[in-house]
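Dear colleague,

Please find below the structure that I am handing over to you. A summary of the findings follows it.

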Amino acid sequence: MRLLYILATYLLFPLLFPVLCLYRKTRHGLWQRLGFYARGALPQRGDGPVVWLHGASAGDLLALSPMFGPLRARFPGCQLILSTMTDSGHAMATGRLAKDIDGVVYVPYDLWGATRRAVKAIRPDILVLEYTEVWPNLIRAAKRGGARVVMTNGRFSPSNVGRYRWLFRLIGNPLKDFDLMLMRTEDEAERARSLGAKPDWVTVTGNTKFDSLSSGPAPEDGALREALGLAVGATVWIAGSTHEGEEGVLLGVYSRLLARWPELRLVIAPRYVDRAGRVVSLAREAGLSAGLRSQGNPERAQVVVLDTIGELSRAYRLGTVVFVGGSFTKRGGQNILEPAGQGRPVLFGPHMDNFRDSVTVLSGHGGLQVADAEALHTRLVELLEDPRRIEELGARALETVGRISGASERNAEAMTTLFPHGRPAPR
């Protein structure tokens, strides 16, 4: 069965390769994706264990980041190597996360040769895979290289269980190769067991993305405020992680609010920063002045577009009230807990299929779901009329986020059980 998967990947790869090379999210790092690393691309191995953590995108790496400290505490002298699939993830790792890690690479294509070359070069003691990053050849290569394989923030969508079962029956079950599966909820854990994971190695530890959400004011907040062109004390509506089709709706709501609150400012952070120019154009077509954060918004425009990577969480701290995008489209939502962790009321639309757990946690506790643009306008009017209500909802959101944290510590502690003496033997 494993042989069938190996053959299938080599047969399909020539067809997918041109797409992977041209697709804007995955077109860089070709040699690393094939398992070849230039001199100096990886740190020289030290005396401690190597922990290889993989997250597909920038958001996934942020969810992994709260584990860095707990892992270093439990595995003294360890090296943390991050891998990612997307160019934005790589930019996040080499920028915002660089000071906390020891190296970053693009994850290898799940080909028999590429994965083995990568494992031979990195020599991990632990391979940590995020969410549903189940790559059979990579997992097998890591196991053959002597690594323990761990899933964190594990999830399996109920709608996809049948597909997974069919695929695993066809190619062999990669879940049997995991040494530890750390799941977000008991429902997720039960689905993992039903798919063939070893029951004793499946446990519920929660979601690490909750651990990185709460943070207070920082010295760099003032610089970001200046770059966005926001006055101290300004009333600011921040629309984060917006998608195509949403900005026009939000600009329409904002234009209506301006009639009553002419000093209100709108910060839009598109999910993909290469759409920043498009958002600026939409604002100007709506008769609004618009500027870019990357240019310092010198005109102090009504609408400013956050066109940089890694600053959205800090930008939320500058807001009065927040709307999170991906929820007025069929995208399935974006992270509503991030602004909640900054103590801000959070509004979001009806389409939150990918963040149902977050909706459950936040609804009634600082989060407000709205059905459409009209409902969004109504809610914003109510909030802007009542600053004390804004403060109350923000405090409730922050308290809620603090209550659900701790998964990173539990995950790191669970990984120590993989080794007889709590840590890997020196290699």
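In which helix do F13 and F17 both lie, and how many residues apart are they? Both belong to helix α1, at a separation of 4 residues, about one turn of the helix. Helices here are DSSP runs of H or I with at least four residues, strands are runs of E with at least two, and both are numbered from the N terminus.

The model is predicted, so local features need pLDDT of at least 70 and side-chain atom pairs count only at pLDDT 80 or more, while totals for chains, interfaces and linings use all residues. Residues are numbered from 1 along each chain as its sequence is written, and side-chain values use heavy atoms, with hydrogens and water left out.

**Aromatic residues**

The whole structure holds 7 aromatic pairs. Rings of Phe, Tyr and Trp (the six-membered ring for Trp) pair if their centres lie within 6.5 Å; planes under 30 degrees apart count as stacked, over 60 as edge-to-face and the rest as tilted. The F13 and F17 pair is tilted, because the ring centres are 5.3 Å apart and the planes stand at 50°. F13 counts as buried at 16% relative accessibility, whereas F17 is partly exposed at 27%. In these terms, buried means under 20% relative accessible area, exposed means over 50%, and partly exposed lies in between (1.4 Å probe, protein chains only). F13 and F17 form one aromatic cluster with Y109.

The pair of F323 and F328 is also tilted, since its ring centres are 5.1 Å apart and its planes are at 40°. Both of these residues, F323 and F328, are buried.

Y131 takes part in another kind of contact: the charged end of R155 sits over the Y131 ring, 4.4 Å from its centre. The rule for this contact asks that NZ of Lys or CZ of Arg be within 6 Å of the ring centre and within 35 degrees of the ring normal. Y131 is found in the loop between β4 and α7 and is buried, with a relative accessible area of 8%. Its phi is near 55°, a positive value in a residue other than glycine. R123 likewise has a positive phi near 55° without being glycine. R123 is placed in the loop between α6 (112-122) and β4 (126-130), and it is partly exposed at 33% relative accessible area.

**Salt bridges**

The count comes to 26 salt bridges, each being a side-chain nitrogen of Lys or Arg within 4 Å of a carboxyl oxygen of Asp or Glu.

- K143 bridges to D179, with the closest N and O atoms 2.9 Å apart. This pair links distant parts of the chain, 36 residues apart: K143 is in helix α7 (residues 136-144) and D179 is in the loop between α8 and β6 (180-183). K143 is partly exposed at 27% relative accessibility, while D179 is buried at 9%.
- D221 and R317 meet through their side chains at 2.8 Å, N to O. D221 is buried at 10%, and R317 is buried at 12%.
- R293 pairs with E311, and their closest N and O atoms are 2.6 Å apart. R293 is in the loop between β10 (290-292) and β11 (303-305) and E311 is in the loop between β11 and α13, so the pair ties together parts 18 residues apart in sequence. R293 is buried at 18%, as is E311 at 10%.

A pocket is an open set of points on a 1 Å grid over the protein atoms alone, where a 1.4 Å probe fits, with protein on both sides within 12 Å along at least five of seven lines; lining residues have an atom within 4 Å of a point. The second largest pocket has 24 lining residues, and Y5, L16, M85, D110 and W135 lie nearest its centre. The elements giving two or more residues to this lining are α1 (2-22) and α8 (161-171). Helix α1 gives the most, with 7 residues.
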